[in-house]
Amino acid sequence: MAIQKSSSIRNLLQSLRAASFSSMIANDHRFTSQAYSPATTKPSGYSGDFSDDEDADVNWDKLGFGLTQTDYMYVMSCCKDQSFLKGQLCRYANIELSPSAGVLNYGQGVYEGMKANRTQDGRILLFRADQNAGRMRHGAERMCMPSPSIDQFIDAVKETVSANKRWIPPPGKGSLYVRPMLLGTGPILGLAPAPEYTFLVYVSPVGYYFKEGTAPLNLYIEEEYVRASPGGAGGVKSITNYAPVMKAITKAKDRGFSDVLYLDAINKKYLEEVSSCNIFIVKGNVISTPATNGTILEGVTRKSIIEIAKDHGYQVEERPVAVDELVDADEVFCTGTAVGVALVGSITYRNKRTEFRSEGRLVCQQLYSTLVGLQTGRIEDKKGWTLEIN
């Protein structure tokens, strides 16, 4: 059934290839939909074969960090120098782009990552969605793109999560990963901002990001390749930041490592971040993390862990962290939306392996427990970080 629907949608899109994606969404009654609400559980024009109250067909105990196609996505479009207006939900499907779309030719795109969690009493919580919305606006400005307002971003995420609520894992079994994207979808040949933009949101249930699960990670420090350079776009969540690290990751994983830790581009002596997450080192009561200076992404989980650590009485330093400091560290951990808080068991640098504490009373476990408690409603949120989806 899913394959047949996907095929019909592709045929429809091919017949309209002269139209832009935004025009197609607006004008074709088979693809348009009304906004999700409790009274309207399916987009208009769609005749589905399941109940929205029906449980998703997922083995929650074997859920990894991979794409599971869910039911709906959210789409909103606008032209250059204009503002986004109301978007809409539609069935999850492929999108059609011009070969000369700005995102395909010049990488004009940013994205966010966030999670929705189900609480023990059945509520659905988003975590610090306003921070992701603000970060997307910051990234869009850097990439010369119009962006949704904070409210538009949050409303779109809420509608998408609500429409796909049957895919939210049970408590303790994972989260619903939310991927908002902002893309230059208009056609452009010369190097310039695209004439049209599309904001979309899709979701997928996920488990642990690393194949190790909760086991300590083994990182490799990369010296040949750098993740970002001063003056570049390393400090925003641009799509252009990720393809360049794949070669280094592949090389490291072929050697048995979990991921790559990058050094600064100028001196090659200061820690930056891991491919998809921020890094922290612990020495006694002091927790240090590289300062965000334009080359390091300001992670929402990073920001949250810093505040949680201070609440627990730790001294937190945001500063240049030299690679030589690793040999004296008691504990090392990574943070990110996808990874949560991941303990690092060892880091290999110039063929020398340094191991860190991975048993006993660990700082990162204490901080992670608080973070997850807030995200899942087990700890009262006195900070206003969570947003309940009705």
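## Model and overall make-up

Because this is a predicted model, local features need pLDDT of at least 70 and side-chain atom pairs count only at pLDDT 80 or more, while totals for chains, interfaces and linings use all residues. Numbering starts from 1 along each chain as its sequence is written, and side-chain values use heavy atoms, with hydrogens and water left out.

The protein chain has eight helices and 17 strands, taken as DSSP runs numbered from the N terminus (helices are H or I, at least four residues; strands are E, at least two). Of its 390 residues, 52% are buried, meaning under 20% relative accessible area, with exposed set at over 50% and partly exposed in between (1.4 Å probe, protein chains only). Among contacts with a separation of 6 or more, 70% join residues 24 or more positions apart; contact here means heavy atoms within 4.5 Å.

## Helices 7 and 8

Let's turn to a helix pair. Helix 7 (residues 300-311) packs with helix 8 (residues 363-375) at an angle of about 115°, and their axes are 10 Å apart. Axes are lines fitted to C-alpha atoms, for helices over the stretch in contact, and angles run from 0 to 180 degrees between N-to-C directions. The two helices are therefore roughly perpendicular to each other, a label for angles of 65 to 115 degrees (under 35 is roughly parallel, over 145 roughly antiparallel, the rest oblique).

From helix 7, Thr301, Ser304, Ile305, Ile308 and Ala309 meet Leu367, Thr370, Leu371 and Leu374 of helix 8. These contact residues divide into six nonpolar, three polar and no charged (Ala, Val, Leu, Ile, Met, Phe, Trp, Tyr, Cys and Pro count as nonpolar; Asp, Glu, Lys and Arg as charged; the others, Gly among them, as polar).

## The two sides of helix 6

In helix 6 (residues 246-254), the buried residues are Ala248, Ile249 and Ala252. They lie on the same side of helix 6, because they cover an arc of only 100° around the axis, judged by the directions from the helix axis to the C-beta atoms. Their cover includes strand 8 (217-222) and strand 9 (259-263).

The face turned away from that buried side carries exposed Met246, Lys247 and Asp254. Just after helix 6, Gly256 takes a positive phi of about 95°.

## A loop glycine

Finally, Gly294 sits in the loop between strand 12 (286-289) and helix 7. Gly294 counts as partly exposed, at 38% relative accessibility.

Gly294 and Gly231 are 63 residues apart in sequence, yet 7.1 Å apart in space, C-alpha to C-alpha. Setting aside neighbours within four places in sequence, Gly294 is in contact with Gly232, Gly234 and Gly235.
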